[in-house]
Amino acid sequence: MSDDAISQDIPATPDIRIVLVGTQHPGNIGAAARAMKTMGLSQLVLVAPEKAPDRDTEAMAAGADDLVAAAPVHATLADAVADCALVLGCTARNRRVQLEQLDPREAAVRALAFAGQGPVALVFGRERTGLDNNELQLCHAAVHIPSDPAFSSLNLAAAVQVLSYEVRMQVLGVGTPAPAAAVIAREGLAQHAELEGFFAQLGEALEQIDFHKGRTPDSAMRKLRRLYLRAGLDSAEVRLLRGVLADTQRMAMLAGRGKIP
Ligand code: SAH
């Protein structure tokens, strides 16, 4: 077989990174790398692991240690996903997060739709406590594997396997379509860090116009984040919204409220 024929048989690796946050057992990092590599994913990213990869990692990776060796290590989740077009957070708890919730199939469909526009992150939490609320708020949507609610928490690497498998099925074109996840990924989608800059300015502007009137801003901010994240903003739209905010802040300042932005 020619090289061309071979390469046609091998699906392109999608620009999808698996981000492990605060992993406690180094063995799980290796097992997650193995889960990914079997499904054709290669980008492993670590955020503040409790212990550095060690012999347990290597043993559990069983040949996927190249992914661990190449894995960047970040101090925070925000750093790890700053350049991403889409960030999906996997959570064992079917809690009422103020986030759209997807099942793994829907997540895979959406991840592939966005992977053409920029990096996509699938984020996994700590073995004991999962992702905290601030980390989940950094995600565009939550992903829950519909496990038994009476025993809902999968092993970290098992959860990585389920998500990677669903991505694989979509890459191979044999996965069941999940129309509920059909969100149009457009060109020029804003990067995660641009959106966070917008949310920070939105928070400031709302304070300056006294929008919250003594209430805590958290609930309104979560709802606003959800609304804007659902919109799939591109960079030009983020700039437009920030322009509106800048004028709002200027008017608030002229009216004698708030601080100079
Ligand atoms: N006790 C933790 C469970 C953490 S399991 C908690 O209640 O959140 C480690 C990680 O595996 C989770 O943070 C999540 O990213 C992933 N995971 C485990 N079970 C999952 C499920 N049913 N659906 C989605 N992700 C899951």
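A polar contact is a pair of N or O atoms within 3.5 Å; within protein, one must be able to donate a hydrogen and the other to accept it, and residues adjacent in sequence count only if both atoms are side-chain atoms. The model is predicted: local features need pLDDT of at least 70, side-chain atom pairs count only at pLDDT 80 or more, and totals for chains, interfaces and linings use all residues. Residues are numbered from 1 along each chain as its sequence is written, and side-chain values use heavy atoms, with hydrogens and water left out.

View 1. A nitrogen atom of the ligand lies 2.9 Å from a polar backbone atom of L154. On its own, the ligand has 540 Å² of accessible area, and the protein covers 93% of it. Such areas come from the Shrake-Rupley method with a 1.4 Å probe; for residues, only the protein chains shown count as cover. The side chain of S147 has an N or O atom 3.2 Å from a ligand nitrogen. Around the ligand there are 20 residues, and C90, R93, R128, I145 and L154 come nearest. Here a residue is near a molecule or strand if one of its heavy atoms lies within 4 Å of it.

**View 2. The open sheet.** Look for 7 strands in the order β3-β2-β1-β6-β4-β7-β5, with parallel pairing. β3 (73-74) and β5 (100-102) stand at the edges with a single partner strand each, so one side of each has no neighbour in the sheet. Two strands pair if DSSP finds at least two bridges between them. Strand β1 (residues 16-21) and strand β6 (residues 120-124) run parallel and are joined by 5 bridges. R17 has A121 as its bridge partner in β6. In total, the protein chain has 11 helices and 7 strands. Both are DSSP runs, numbered from the N terminus: helices are H or I with at least four residues, strands are E with at least two.

**View 3. An aromatic cluster.** Ring pairs link F198, F199 and Y228 into a cluster. Rings of Phe, Tyr and Trp (its six-membered ring) pair if their centres lie within 6.5 Å; planes under 30 degrees apart count as stacked, over 60 as edge-to-face and the rest as tilted. The count is 2 aromatic pairs. F198 and F199 form a tilted pair, 5.5 Å centre to centre with 45° between the planes. F198 and Y228 form an edge-to-face pair, 4.9 Å centre to centre with 85° between the planes. F198 lies in helix α9 and Y228 in helix α10, so this pair ties together parts that are 30 residues apart in sequence. F198 is buried at 1% relative accessible area, and F199 is buried at 3%. Buried means under 20%, exposed over 50%, partly exposed in between (1.4 Å probe, protein chains only).

**View 4. Two loop residues with positive phi.** Most residues other than glycine have a negative phi. A48 has a positive phi near 35°. A48 sits in the loop between β2 (43-47) and α3 (55-61), and is partly exposed at 40% relative accessibility. K213 has a positive phi near 50°. The loop between α9 (192-208) and α10 (218-231) holds K213, which is exposed at 57%.
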